[in-house]
Amino acid sequence: DAADPATPAVQSFYTTLLDCMKGGKTLGAQGRYDKLKPVVEKTFDLATMIKYAVGPGWSTMSADDQKALSDAFARMTISQYAGNFSSYAGEKFTVEPKADIRGTDHYVKTALVAKDQTVSFIYRMRQFGSDWRIIDILLDGSISQLSVYRSDFAATLKTGGASALIKKIDALADKALKS
């Protein structure tokens, strides 16, 4: 049985992530960021993700605000991987070859296997041209990362608009790179 066509994108991302973990302290946070940036930009559809995370207000924002939010969201996403996966202690990533298909989206089941725990992630993948890209991550197999962001971002958007949300996302990115 052939693997689902969406799985190689996740596997490629994990290969780079594992390399960053193994190079952890030597690379430093900025080195891990620089190494992850191209693979995150290729593997994740960050434009789709930020639109969903912002919600209905996205369509009424200026093009400049949309671009600034997109840039901040990309930086935050890369920074969180660079900060959260900063060392290696024998962990491995597993990717199931078969995906669940719902409509046009493929759900790729994966896990981070560490000595003392296994954490499951399901990547929601969508095809854009010939490329499969991540449009959401289900943490512990069921919690939509984008739904969490949307809930978290809503109050900031309501009280301070796009500029406040850009500031918040930039602060999250800065915090992730310091960890």
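Leu146 is found in helix α4. This is a predicted model, so every value here is computed from predicted atoms. Leu146 is buried, with a relative accessible area of 3%; the cut-off for buried is under 20%. Leaving out residues up to four places away in sequence, Leu146 touches Met49, Tyr52, Ala53, Phe73, Ile135 and Asp136. Thr16 is another matter. Leu146 and Thr16 are 130 residues apart in sequence, and their C-alpha atoms are 23 Å apart in space.

## How the helices pack

Start with α2, which covers residues 46-54. How do α2 and α4 cross? Their axes come within 7 Å and cross at roughly 85 degrees. Angles of 65 to 115 degrees count as roughly perpendicular, and α2 and α4 are therefore roughly perpendicular to each other.

Who meets whom? On the α2 side stand Met49, Ile50, Tyr52, Ala53 and Val54. On the α4 side stand Leu146, Ser147, Tyr149, Arg150, Phe153, Leu157, Leu165 and Ile169. By class, the residues of this contact of α2 with α4 are 11 nonpolar, 1 polar and 1 charged.

Now turn to α2 and α3. These two helices pack at about 105 degrees, with axes 10 Å apart. That angle makes α2 roughly perpendicular to α3. From α2 come Leu46, Met49, Ile50 and Val54. From α3 come Leu69, Ser70, Phe73, Ala74 and Thr77. The contact of α2 with α3 has 7 nonpolar and 2 polar residues, and no charged ones.

Next come α1 and α3. Their angle is about 135 degrees, and their axes lie 11 Å apart. That makes α1 oblique to α3. Helix α1 brings Phe13, Leu17, Ala29, Arg32, Tyr33, Leu36, Lys37, Val40 and Glu41. Helix α3 answers with Arg75, Thr77, Ile78, Ser79, Tyr81 and Ala82. In the contact of α1 with α3, 9 residues are nonpolar, 2 are polar and 4 are charged.

| Pair | Angle | Axes |
|---|---|---|
| α2 and α4 | roughly 85 degrees | within 7 Å |
| α2 and α3 | about 105 degrees | 10 Å apart |
| α1 and α3 | about 135 degrees | 11 Å apart |

## The largest pocket

How much space lies in the largest pocket? About 320 Å³. The lining of the largest pocket has 20 residues. Gln80, Tyr81, Leu139, Gln145 and Tyr149 lie nearest the centre of the pocket. Which elements give two or more residues to the lining? They are α1 (7-43), α3 (63-84), β4 (118-128), β5 (131-139) and α4 (145-178). By class, the lining divides into 15 nonpolar, 4 polar and 1 charged.

Two names link the pocket to the helix contacts. Tyr149 is among the residues nearest the pocket centre, and Tyr149 is also part of the contact of α2 with α4. Tyr81 is among the residues nearest the pocket centre too, and Tyr81 takes part in the contact of α1 with α3.

## Two buried residues

Thr7 lies in helix α1. Is Thr7 buried or exposed? At 5% relative accessibility, Thr7 counts as buried. Apart from neighbours within four places in sequence, Thr7 is in contact with Val95, Glu96, Pro97 and Val108. Lys178 is 171 residues from Thr7 along the chain, and their C-alpha atoms are separated by 31 Å.

Tyr107 sits in strand β3, residues 105-113. Tyr107 is buried, with a relative accessible area of 9%. Not counting residues up to four places away in sequence, Tyr107 touches Ala99, Asp100, Arg102, Ile122, Tyr123, Arg124 and Leu138. Tyr107 and Ala29 are 78 residues apart along the chain, with 30 Å between their C-alpha atoms.

## Two loop residues

Ser87 lies in the loop between α3 and β1 (92-95). Its relative accessible area is 40%, so Ser87 is partly exposed. Ser87 and Thr26 are 61 residues apart along the chain, yet their C-alpha atoms are separated by 9.7 Å.

Asp140 lies in the loop between β5 and β6 (143-144). Asp140 is exposed, with a relative accessible area of 52%; exposed means over 50%. What is the phi of Asp140? Asp140 has a positive phi of about 55 degrees, although Asp140 is not a glycine. Most residues other than glycine have a negative phi.

How values were computed
Residues are numbered from 1 along each chain as its sequence is written. This is a predicted model: local features need pLDDT of at least 70, side-chain atom pairs count only at pLDDT 80 or more; totals for chains, interfaces and linings use all residues. Side-chain values use heavy atoms; hydrogens and water are left out. On a 1 Å grid over the protein atoms alone, a cavity is a set of points where a 1.4 Å probe fits but cannot get out, and a pocket is an open set with protein on both sides within 12 Å along at least five of seven lines; lining residues have an atom within 4 Å of a point. Grid points are joined across faces, edges and corners, and a volume is the space filled by probe spheres set on the points. Helices (H or I, at least four residues) and strands (E, at least two) are DSSP runs, numbered from the N terminus. Ala, Val, Leu, Ile, Met, Phe, Trp, Tyr, Cys and Pro count as nonpolar, Asp, Glu, Lys and Arg as charged, and the others, Gly among them, as polar. Axes are lines fitted to C-alpha atoms, for helices over the stretch in contact, and angles run from 0 to 180 degrees between N-to-C directions. Angles under 35 degrees count as roughly parallel, over 145 as roughly antiparallel, 65 to 115 as roughly perpendicular and the rest as oblique. Contact means heavy atoms within 4.5 Å. Buried means under 20% relative accessible area, exposed over 50%, partly exposed in between (1.4 Å probe, protein chains only).
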